Amino acid sequence: MKKHSARVAPLSACNSPVLTLTKVEGEERPREPPGPAEAQVPAGTEAGGRTSRQRWTCSQERLRKVFWGVAVVFCVCASWAGSTQLARLTFKTFDAPFTLTWFATNWNFLFFPLYYAGHVCKSTEKQSMKQRYRECCRFFGDNGLTLKVFFTKAAPFGVLWTLTNYLYLHAIKKINATDVSVLFCCNKAFVFLLSWIVLRDRFMGVRIVAAILAIAGIVMMTYADGFHSHSVIGIALVVGSASMSALYKVLFKLLLGSAKFGEAALFLSILGVFNILFITCIPIILYFTRVEYWNSFDDIPWGNLCGFSILLLTFNIVLNFGIAVTYPTLMSLGIVLSVPVNAVVDHYTSHIVFNGVRVIAIIIIGLGFLLLLLPEEWDVWLIKLLTRLKVRKKEETTENSGDLGTGPQSRSRRARPSFAR
């Protein structure tokens with residue numbers, strides 16, 4: 001894990017990747033135009049043996065990133081779909097979504113120790129944990145992590161984190177996992193709308209279309225179950241969870257900007273500490289008020305709770321730090337691919353009915369999510385691509401017409417005898 005390789009924004013536990021991750025610094029630098037000496041070298045030849053080696057190295061790097069991208073997509077898809085299905089299975093014997101949220105969030109404390117373990121294994125300049133902690137604390141300001149900074153810059157995100165996860169888990173009790181996972185994909189559209197309004201980000205028409213598709217998908221998903229109160233409440237909970245996730249990301253970018261890997265790991269560990277210190281009282285109150293009650297601790301499915309927490313921790317680790325080995329867009333595809341995985345599992349376990357309206361709603365939301373993955377310069381790249389194709393086609397047409405025009409004439413001239421002496 002490199003020390004200054006990239007900057008990321010820590011995502012909430014149920015977030016879509018690609019929303020707040022920033023590009024790796026110096027990753028894709030534009031190539032400079034060749035100089036006079038380079039311009040004279042024919043294509044395919046080696047200038048001092050460097051050109052071919054640079055191309056080979058470039059292709060190796062891209063292949064390695066694509067390979068890691070496939071692995072990351074599989075890991076994101078498996079951990080996200082697995083945690084959703086395991087949470088649904090847990091609620092059959094342990095009906096306590098807030099307690100499950102609290103238990104899983106406590107595992108965030110492991111982020112910084114795991115990061116430091118990677119730092120010790122990979123970094124050439126090894127630092128003690130205390131030194132690394134102090135360096136990462138500079139993310140909060142010159143004074144580091146003070147009590148004031150903790151309550152003003154960490155506590156609000158801890159509350160948003162808890163709300164995001166609790167609303168998501170509570171929605172799983174109301175509706176099937178497929179609908180929950182696909183509706184949560186709308187959080188990317190909410191991030192765009194909030195960023196456009198609050199952060200004054202660049203306006204993009206295609207993203208407005210994606211936001212409209214997301215809203216249309218939500219309405220169609222509600223219509224698919226006939227606007228029953230049970231279904232409407234579940235959909236409202238998922239939309240609320242997606243909104244809290246979007247608010248988390250936009251506020252983080254507004255108040256804190258972006259963070260390096262160590263800073264992001266420390267921030268997420270601080271959220272775990274906040275959860276232990278200040279959120280612990282809520283599950284206790286819910287237990288004694290019998291809102292979330294269980295007879296004895298032996299009745300708690302500890303295997304399901306620990307499995308869900310491990311999968312969620314894995315999902316967040318890959319989502320926040322996967323940018324070090326692959327492209328952010330590939331990581332986002334894992335969340336979209338988790339929808340068909342959940343659909344297959346629900347089809348065989350919950351006997352969900354995939355009517356036409358539900359399928360169209362899933363396709364519309366998925367299409368909107370994919371449109372939001374387009375880079376900001378996508379229109380410029382598209383125009384360049386079309387221009388190149390047009391120029392190439394024109395050149396091929398000119399060459400073909402030139403061959404047709406000169407071929408017969410040259411052959412007839414060669415066949416015709418010359419009388420000139």
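The model is predicted; local features need pLDDT of at least 70, side-chain atom pairs count only at pLDDT 80 or more, and totals for chains, interfaces and linings use all residues. Residues are numbered from 1 along each chain as its sequence is written, and side-chain values use heavy atoms, leaving out hydrogens and water. Helices are DSSP runs (H or I, at least four residues), numbered from the N terminus.

**Aromatic rings**
- A pair of aromatic rings is described by the distance of the centres and the angle of the planes.
- Rings of Phe, Tyr and Trp (its six-membered ring) pair if their centres lie within 6.5 Å; planes under 30 degrees apart count as stacked, over 60 as edge-to-face and the rest as tilted.
- The count by this rule is 31 aromatic pairs.
- F157 and Y248 form an edge-to-face pair, 5.5 Å centre to centre, with 85° between the planes.
- This pair links distant parts of the chain: F157 is in helix 6 (residues 147-174) and Y248 in helix 10 (residues 229-255), 91 residues apart.
- Both F157 and Y248 are buried (under 20% relative accessible area; exposed is over 50%, partly exposed in between; 1.4 Å probe, protein chains only).
- The ring centres of F261 and F321 are 5.7 Å apart and the planes are at 70°, so this pair is edge-to-face too.
- F261 lies in helix 11 and F321 in helix 13 (residues 302-321), so the pair ties together parts 60 residues apart in sequence.
- F261 and F321 are buried.
- One aromatic cluster includes F157, W161 and Y248.

**Charges over rings**
- A charge sits over a ring if NZ of Lys or CZ of Arg is within 6 Å of the ring centre and within 35 degrees of the ring normal.
- K188 lies over the face of F369, 5.9 Å from the ring centre.
- The charged end of R290 sits over the ring of Y293, 4.1 Å from its centre.

**Cysteines**
- There are 0 disulfides (pairs of cysteine sulfur atoms within 2.5 Å).
- C121 counts as exposed because its relative accessibility is 66%.
- C281, at 41% relative accessibility, counts as partly exposed.

**Helix 5**
- In helix 5 (residues 129-137), the buried residues are R132, E135, C136 and C137.
- These buried residues pack against helix 4 (111-122) and helix 11 (261-279), where contact means heavy atoms within 4.5 Å.

Key:
Helices (H or I, at least four residues) and strands (E, at least two) are DSSP runs, numbered from the N terminus.
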